Amino acid sequence: MSDIKITIIDREGEAHTVDAPTDMNMNLMEVIRSYELAPEGTIGICGGMAMCASCQCYILNLEHMLPEQSIEEEDMLDQAFFVEENSRLSCQIPITDDLDGLEVKLAPESM
């Protein structure tokens, strides 16, 4: 098993450094849910299909190699609240070794 460290700042502003496995085909949204860093039913409502923006987060250190945004992710972020230049949908970010040390902040809940 290969784990990396990711720091996730929850919606209350508390930072959590967590272990994320790179060998389980997980995405960042699933890691956030597994550590219960957002209340149940407030993140990943669409199940990770880029069909809602409940898992929106802000990438705080942009030097990491993230996958390019898909058209579906771009379209969803165009419709979301609280979007910033560094916004991404955490369900569209697979956990890989390249993300070791990644820092993200969860976006506020939609209105």
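Ile8 stands opposite His16 in strand S2. This is a predicted model, in which local features need pLDDT of at least 70, side-chain atom pairs count only at pLDDT 80 or more, and totals for chains, interfaces and linings use all residues. Residues are numbered from 1 along each chain as its sequence is written, and side-chain values use heavy atoms, without hydrogens and water.

S1 and S2 run antiparallel and are joined by seven bridges. Strands pair if DSSP finds at least two bridges between them. Strands (E, at least two residues) and helices (H or I, at least four) are DSSP runs, numbered from the N terminus. Five residues lie between the strands of this hairpin, where Gly13 has a positive phi near 90°.

Ile8 also belongs to the largest nonpolar core, which has 30 residues. Such a core is a set of buried Ala, Val, Leu, Ile, Met, Phe, Trp, Tyr and Cys residues joined through side-chain atoms within 4.5 Å. Buried means under 20% relative accessible area, with a 1.4 Å probe and protein chains only. Ile6 is among the core residues with the most contacts inside it.

Asn61 sits in the loop between S3 and H2. Asn61 counts as buried because its relative accessibility is 10%. Its side chain makes these polar contacts (N or O atoms within 3.5 Å, one able to donate a hydrogen and the other to accept it; residues adjacent in sequence count only if both atoms are side-chain atoms):

| Partner of Asn61 side chain | Distance |
|---|---|
| His64 side chain | 3.2 Å |

Methods
Buried means under 20% relative accessible area, exposed over 50%, partly exposed in between (1.4 Å probe, protein chains only).
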